[in-house]
Amino acid sequence: MAAESLSFSSKIFKIDTVQMSDRTEQIVKGGRHLFPLLPKAFAGVKQIGVIGWGSQGPAQAQNLRDSLEGTGIRVKVGLRGGSDSMAQARAAGFTEENGTLGEMFAVARESDIVLLLISDAAQGELYGRVFESLRPGATLGLSHGFLLGHLNNVGAKFPANINVIAVCPKGMGPSVRRLYVQGKEVNGAGINASFAVQQDIDGRATDYALGWSVGLGSPYTFQTTLESEFKSDIYGERGILLGAVHGIIESLYRRYVSQGQSKEAAFLNSAESITGPINTIISKQGILPLYEKLDAVGKAEFEKAYVASYPAAREILAEIYDEVSTGNEIRGVVLAGNRLKKTPMGKIDGTETWKVGAGVRAKRVEDKIPLNPFTAGVYVATMMAQIDILLDKGHPYSEAANESVIESVDSLNPYMHARGVAYMVDNCSTTARLGSRKWAPRFDYALTEQAYVAVDEGTAGNRALIDAFKSNVIHKVLKVCGELRPSVDISVK
């Protein structure tokens with residue numbers, strides 16, 4: 001499928017055109033030096049309502065409040081009456097007394113821009129009341145294309161008399177806040193974001209979206225569509241971002257124990273290797289340099305794991321993409337909303353893998369973590385399979401890179417490195433948490449039953465996969481993305 005041609009213009013922000021291998025893309029580079037432009041970007045806006053206090057709500061409300069300080073534009077949080085999150089919002093400085101905290105539908109009615117950051121399941125349940133609360137000419141902001149997918153499923157549409165925009169940070173909410181705070185010392189530190197304009201009724205939608213992204217602290221903002229965003233985002237978190245990496249680690253840990261490694265060594269060579277040296281090299285240099293750093297023996301181990309794991313991973317990832325693009329995953333999240341009211345999600349770090357991991361992390365010496373080439377081959381094969389499907393489906397290069405690589409290594413894996421898989425997954429949205437729990441076992445099973453069997457029986461030998469890996473366009477794309485990367489690394493301690 002050919003990539004969709006996208007372009008945009010701004011009356012406020014400088015647009016850079018970057019060469020992404022054989023394509024060009026337009027981006028806006030962020031930074032605190034752009035904060036003085038925000039009143040112009042939000043011309044006519046007196047209040048931005050942030051509805052919800054889940055993964056993204058706290059970060060976005062605080063970042064925008066801090067970025068807009070002194071402009072006269074109020075950031076007000078809207079929550080359900082009696083919500084347990086009220087206390088958390090007050091602790092962050094949003095209070096009824098200073099006019100920055102209120103009931104969600106009341107805040108929606110009085111705001112010029114309404115950022116709907118409640119859970120996806122809640123959006124599916126409450127979108128009608130939200131739409132009724134919006135004033136004609138208001139702007140609805142989303143940080144995920146989920147609602148568009150749900151509207152498509154049920155045959156509904158956004159109201160015709162409002163702007164509809166999206167700014168979608170490529171990282172969990174806590175990362176969006178954490179890097180923004182770190183960015184007070186290092187200009188431009190933050191989480192990249194995509195933006196989309198679904199409806200523009202007054203010619204202001206693009207600058208509203210770009211102002212929102214700049215205000216969040218995004219180092220660079222790239223364009224997508226709301227449909228492309230929800231497909232790549234829901235797909236990605238079920239893949240290498242959350243679900244696949246969890247399944248990979250579980251399968252490798254058991255494999256290494258079965259081969260005679262101690263439990264501690266097995267965790268070091270699986271989870272720690274991925275979140276330590278493998279993650280660091282990909283983050284700072286790219287995927288291909290990880291392979292190139294290996295010696296001849298290491299390259300052979302990497303290749304053996306890669307050619308066995310790529311077909312198994314791609315089979316599942318293709319199924320995930322179909323389930324997302326046809327609306328099935330979205331239907332599943334909406335249905336789960338009612339179940340979760342009665343039965344909350346269980347914990348996901350109770351296996352031997354993560355119990356052993358807690359002890360290993362307590363004694364960790366960073367420069368002693370091994371770069372296991374077999375682990376690298378399995379992990380990179382899954383990452384590349386995810387990238388290839390996104391590119392085959394016509395997603396922008398920036399989207400494929402961010403949803404498969406940058407979000408993983410710069411936002412998510414550091415949380416798993418700090419405290420384990422549950423700390424990573426359960427700091428994310430409900431949709432992401434559900435998807436990780438659903439698909440991680442599938443990756444575990446496919447790798448164990450297919451990839452590792454092929455390795456052990458000597459039947460994995462498609463060398464063309466290695467040639468395709470080495471020549472993949474994503475390596476040039478990541479080089480450009482790396483040049484846009486802030487120098488600061490996230491601190492999650």
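# Group meeting: a walk through the predicted model

Let's start with one residue. Set aside the neighbours within four places in sequence, and Gln182 is in contact with Val488, Asp489, Ile490 and Ser491. Gln182 sits in helix α7, residues 173-182. Is Gln182 buried or exposed? Its relative accessibility is 14%, so Gln182 counts as buried; the cut-off for buried is under 20%. Please keep in mind that this is a predicted model.

Take Val480, in helix α21, residues 474-483. Val480 and Met20 are 460 residues apart along the chain. Yet their C-alpha atoms are separated by 6.7 Å. What does Val480 touch, not counting residues up to four places away in sequence? The answer is Val18, Gln19 and Met20. Val480 has 16% relative accessibility, so it counts as buried.

Now Ser411. You'll find Ser411 in helix α17, residues 397-419. Its relative accessible area is 0%, so Ser411 is buried. Ser411 and Ile191 are 220 residues apart along the chain, with 7.7 Å between their C-alpha atoms. Ile191 is also on the contact list of Ser411. Leaving aside neighbours within four places, that list also holds Lys170, Gly171, Met172, Ser175 and Ile406.

Pro441 is in helix α19, residues 430-457. Pro441 has a relative accessible area of 48%, so it is partly exposed. From Pro441 to Val130 is 311 residues in sequence. In space, C-alpha to C-alpha, that pair is 36 Å apart.

On to helix pairs. First, α10 and α16.

Helix α10 covers residues 243-258, and helix α16 covers residues 373-392. They pack at an angle of about 155 degrees, and their axes are 11 Å apart. How do the two helices run relative to each other? An angle over 145 degrees counts as roughly antiparallel, so α10 and α16 are roughly antiparallel. Their crossing is right-handed. Who makes the contact? From α10, it is Ala244, Val245, Ile248, Leu252, Arg255 and Tyr256. From α16, it is Phe374, Thr375, Val378, Tyr379 and Thr382. Sorted by class, this contact has eight nonpolar, two polar and one charged residues.

With 0% relative accessibility, Ala385 counts as buried. Apart from neighbours within four places in sequence, Ala385 is in contact with Tyr235, Tyr310, Ala313, Arg314 and Leu317. Ala193 is another matter: 192 residues from Ala385 along the chain, with 23 Å between the C-alpha atoms.

The second pair is α6 and α9. Helix α6 is residues 146-154, and helix α9 is residues 226-238. Their axes come within 8 Å and cross at roughly 105 degrees. The range 65 to 115 degrees counts as roughly perpendicular, so that is what α6 and α9 are. On the α6 side, the contact uses Phe146, Leu148 and Gly149. On the α9 side, we have Leu226, Glu227, Phe230 and Ile234. The classes here are five nonpolar, one polar and one charged.

Now the inside of the model. In soluble globular proteins, nonpolar side chains tend to be buried together. Here, the largest nonpolar core has 133 residues. Which residues have the most contacts inside that core? They are Phe158, Ile287, Tyr306, Tyr379 and Met424. Beyond its neighbours within four places, Tyr306 is in contact with Pro311, Gly377, Val380, Ala381, Met384, Leu465, Ile466 and Phe469. There is also a second, separate core of 39 residues. Val28, Trp53, Ile73 and Leu101 are among them.

Look at helix α2, residues 57-67. Nine of its 11 residues are buried, so α2 is largely enclosed by the rest of the structure. The buried ones include Gln60, Gln62, Asn63 and Ser67. Gly57, Pro58, Ala59, Ala61 and Leu64 are buried too.

Most residues other than glycine have a negative phi. Ser21 is not a glycine, yet its phi is positive, about 55 degrees. Where is Ser21? It lies in the loop between β1 (16-20) and β2 (23-29). Ser21 has 23% relative accessibility, so it counts as partly exposed.

That's the tour. Over to you.

Terms used: Residues numbered from 1 in each chain as written. Predicted model: local features only at pLDDT ≥ 70, side-chain atom pairs only at ≥ 80, totals over all residues. Heavy atoms only, no water. Axes fitted to C-alpha atoms, helices over the stretch in contact; angles between N-to-C directions. Helix = DSSP H or I, 4+ residues; strand = E, 2+ residues; numbered from the N terminus. Parallel < 35°, antiparallel > 145°, perpendicular 65-115°, else oblique. Left-handed = near helix turned anticlockwise from the far one by under 90°. Contact = heavy atoms within 4.5 Å. Nonpolar A, V, L, I, M, F, W, Y, C, P; charged D, E, K, R; others polar. Core = buried A, V, L, I, M, F, W, Y, C linked by side-chain atoms within 4.5 Å. Buried < 20%, exposed > 50% of the residue type's maximum accessible area, 1.4 Å probe, protein only.
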